[in-house]
Amino acid sequence: MNQHDAQTSLDDIHRLQARTRQQIVRQSFALPRVLVSALGLFVMLAALDLPSPWFYLGAALGVVVYAGVGIVYEHRASVRRKATGREALFHGVLLACVMVGFGIGRIASFALFDLPPHGLLSQAVAGAVVAALVYVAATPVNRLVMRSIVRQDGGVA
């Protein structure tokens, strides 16, 4: 192998690594995955104002949808990598921001509208709508942050 062949091989490796990192980011926040996850968050949070047996059923259904879509997408992923501490921290901060959006939506619905506690549109439903919208609207920023994390943690695959 001469020096030119070695350099060509290294260039191919770097190009394929960049392509793999792009695929990891693309599949982490693919639009169908984001929308189904937002639906799971909505169902879980909207169930908070329901009476006792329905609350547990709604919350469990929301958690199953939210977690299930992540499991299914990771199982079907063409590129896999080991999750890092930064990635776990990022997802924790993302969920904290969603919960802040839920709280703001719930407080705003309480302040702006006189909603019945167990009606079709309750404070929890209004807050869940805001939380789901925050989750979907933050997708471009989430992709940028995830791209940065994957680029910095490039050795972990």
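This is a predicted model: local features need pLDDT of at least 70, side-chain atom pairs count only at pLDDT 80 or more; totals for chains, interfaces and linings use all residues.
Residues are numbered from 1 along each chain as its sequence is written, and side-chain values use heavy atoms, without hydrogens or water. Local features need pLDDT of at least 70 and side-chain atom pairs 80 or more, while totals for chains, interfaces and linings use all residues.

**Stop 1: α4 and α6.** Select residues 85-112 and 139-152. These are helices α4 and α6 (DSSP runs of H or I, at least four residues, numbered from the N terminus). They pack at about 165 degrees, axes 10 Å apart (lines fitted to C-alpha atoms over the stretch in contact, with angles from 0 to 180 degrees between N-to-C directions). The two are therefore roughly antiparallel (over 145 degrees).

Now show side chains. R86, E87, F90 and L94 of α4 meet N142, V145, M146, I149 and Q152 of α6 (contact: heavy atoms within 4.5 Å).

**Stop 2: F29 and F90.** F29 sits in the loop between α1 (3-28) and α2 (31-46), F90 in α4, so the pair ties together parts 61 residues apart in sequence. F29 is buried at 2% relative accessible area, and F90 is buried at 11% (buried: under 20%, 1.4 Å probe, protein chains only).

**Stop 3: Y66 and Y135.** Select both tyrosines. Ring centres are 6.3 Å apart and planes at 70 degrees, so this pair is edge-to-face. Y66 lies in α3 (residues 52-76) and Y135 in α5 (residues 123-137), so parts 69 residues apart in sequence are tied together. Y135 is buried at 7% relative accessibility. Y66, at 25%, is partly exposed (between 20% and 50%).

Notes:
Angles under 35 degrees count as roughly parallel, over 145 as roughly antiparallel, 65 to 115 as roughly perpendicular and the rest as oblique. Rings of Phe, Tyr and Trp (its six-membered ring) pair if their centres lie within 6.5 Å; planes under 30 degrees apart count as stacked, over 60 as edge-to-face and the rest as tilted.
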